[in-house]
Amino acid sequence: MINFTVGPVQMDEETRKLGMEQIPYFRTPEFSAVMKQNEELLCKFFDTPSNSRVIFMTGSGTASMEGGIMNFFTSQDKVLVVNGGSFGHRFVELCEIHEIPFTEIKLEFGKPLTKDILSKYGNNGYTGMVLQLCETSSGVMFDMNLVGDFCKRNNIFLFVDAVSGFLADKISMKEMHINAAITGSQKALALPPSMSFTVLDEAAQKRCYENKVKSMYFNYADYLKNGERGQTPFTPAVGTLLQLNEKLRRIDSNGGITAMNKTTKDRADYFRNKISQLPLKMFTEKDSSSNCVTAISPTRPGVNAHKIFEIIKDEYGIWICPNAGDLAEKVFRVGHIGSITKEEIDKLIEVFEDLVRRGLL
Ligand SMILES: *Cc1c(COP(=O)(O)O)cnc(C)c1O
């Protein structure tokens, strides 16, 4: 199978080799040193202000979305939630579950958050804002410079879900005034699913220490304290953390985050150029599209997007990503993260061409 989904994605050979090793005991100075380096490199790649920290959560990206909502906000907050698709909607549900007062900015699916829309929410006593860097369900990348400036002007705490966007799209916590951001192991880091990571500036850490969360596993103050000596409160996915270390060091010695962003962008551009010749249309606007994933609609009437996903999986051995919900029959997605070669993209294009010949696309 060739895997063009958005996670789990294809892993590099180096990562897979490490997956064969025994898992070591982790309450050791050696493992602590690995964790300290993981923290340092994640802070470097998120371009954090000084004294930032990382929480290593064993649990998929949603665990860190939920942990963030629980630890950063209280019933005294008033949070703006951008809902541009299924991951934005997840933040809405999390605020409801944890009884955090919020206002939803519901966007038309596939459309960016504009200055006009956002300006309506200034000077309204908001204390927090949460949104995705890349809304993976539509492939929209939100304008973080716009959002960061807005939050800075209005003294709003900004929590960004960069689970899919990290490494694919530019993120700088310093420049974009982001207080906390998350990513996950099985997206662009191309590790096995199992862990997610929250990068916190000093304001975010302060909120964790001051907030009394009703949870043992999601008590971030505990993670921050243990992290000072390079440890976690409970047994983490040790194997993934070792693979993370190898991956972060490899990115660092191969041109760092800039090179990683460029590789992903080149891959996305290459694919998008190729499909412009086919009866397929990109679902998002060019300058608000993430490099992580392309959402696509077939243009010929009667062509069912979910059916295309099934045929490509069953008859050609390639996974693309179906969409859920209302647009399941209209939209599918092709991911650009993980270890994907140009030859593999060419293969997928040949499949689309074959489907056109067969009258199916
Ligand atoms: C994948 C993803 C998540 C996390 O999903 P999990 O299934 O919990 O790993 C969160 N936010 C975004 C934007 C994602 O793409």
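In this predicted model, the buried residues of helix H9 are covered by elements that include helix H1 (13–18), helix H2 (29–45), strand E2 (53–58), strand E10 (195–200) and helix H10 (256–275). Helix H9 is mostly covered, with 12 of its 16 residues buried. The buried residues are Val238, Gly239, Thr240, Leu241, Gln243, Leu244, Asn245, Glu246, Lys247, Leu248, Arg250 and Ile251. Just after H9, glycine 255 has a positive phi of about 95°.

The structure contains 17 salt bridges. One of them joins lysine 247 to aspartate 12, with 2.9 Å between the closest N and O atoms. This pair connects distant parts of the chain, since lysine 247 belongs to helix H9 and aspartate 12 to the loop between strand E1 (2–3) and H1, 235 residues apart. Both lysine 247 and aspartate 12 are buried. The two residues also belong to a network of salt bridges that links Asp12, Glu14, Glu246, Lys247 and Arg250.

A salt bridge is also formed by arginine 53 and glutamate 39, whose closest N and O atoms are 2.9 Å apart. Here too the pair links distant parts of the chain: arginine 53 is in strand E2 and glutamate 39 is in helix H2, 14 residues apart. Arginine 53 has a relative accessible area of 12% and is therefore buried. Glutamate 39, with a relative accessible area of 8%, is buried as well. In helix H10, the side chains of aspartate 266 and lysine 262 meet in a salt bridge of 2.7 Å, N to O. These residues are four apart, about one turn of the helix. Aspartate 266 counts as partly exposed because its relative accessibility is 38%.

Helix H10 also contributes to a pocket. The largest pocket has a volume of about 650 Å³. It is lined by 29 residues, of which Arg272, Lys286, Asp287, Ser289 and Asn291 are the closest to its centre. Helix H6 (144–153), H10 and strand E11 (280–282) each provide at least two lining residues. H10 gives the most, with seven residues. The lining of the largest pocket is made up of 11 nonpolar, seven polar and 11 charged residues.

The second largest pocket has a volume of about 500 Å³. Its lining consists of 25 residues, and those closest to its centre are Ser86, Phe109, Ser137, Asn323 and Ala324. Helix H4 (86–97) and strand E14 (321–322) each supply at least two residues of this lining, and H4 gives the most, with three residues. By class, the lining of the second largest pocket has nine nonpolar, 12 polar and four charged residues.

Phenylalanine 142 is located in the loop between strand E7 (140–141) and H6. Its relative accessibility is 2%, so phenylalanine 142 counts as buried. Leaving aside residues up to four places away in sequence, phenylalanine 142 touches Val82, Gly84, Leu107, Lys111, Pro112, Leu113, Leu131, Gln132, Leu133 and Glu135. For proline 112, which is 30 residues from phenylalanine 142 along the chain, the separation of the two C-alpha atoms is 6.1 Å.

Key:
Residues numbered from 1 in each chain as written. Predicted model: local features only at pLDDT ≥ 70, side-chain atom pairs only at ≥ 80, totals over all residues. Heavy atoms only, no water. Buried < 20%, exposed > 50% of the residue type's maximum accessible area, 1.4 Å probe, protein only. Contact = heavy atoms within 4.5 Å. 1 Å grid on protein atoms, 1.4 Å probe; cavity = no way out; pocket = protein on both sides within 12 Å on 5 of 7 lines; lining within 4 Å. Points joined across faces, edges and corners; volume = space filled by probe spheres on them. Nonpolar A, V, L, I, M, F, W, Y, C, P; charged D, E, K, R; others polar. Salt bridge = Lys/Arg side-chain N within 4 Å of Asp/Glu carboxyl O.
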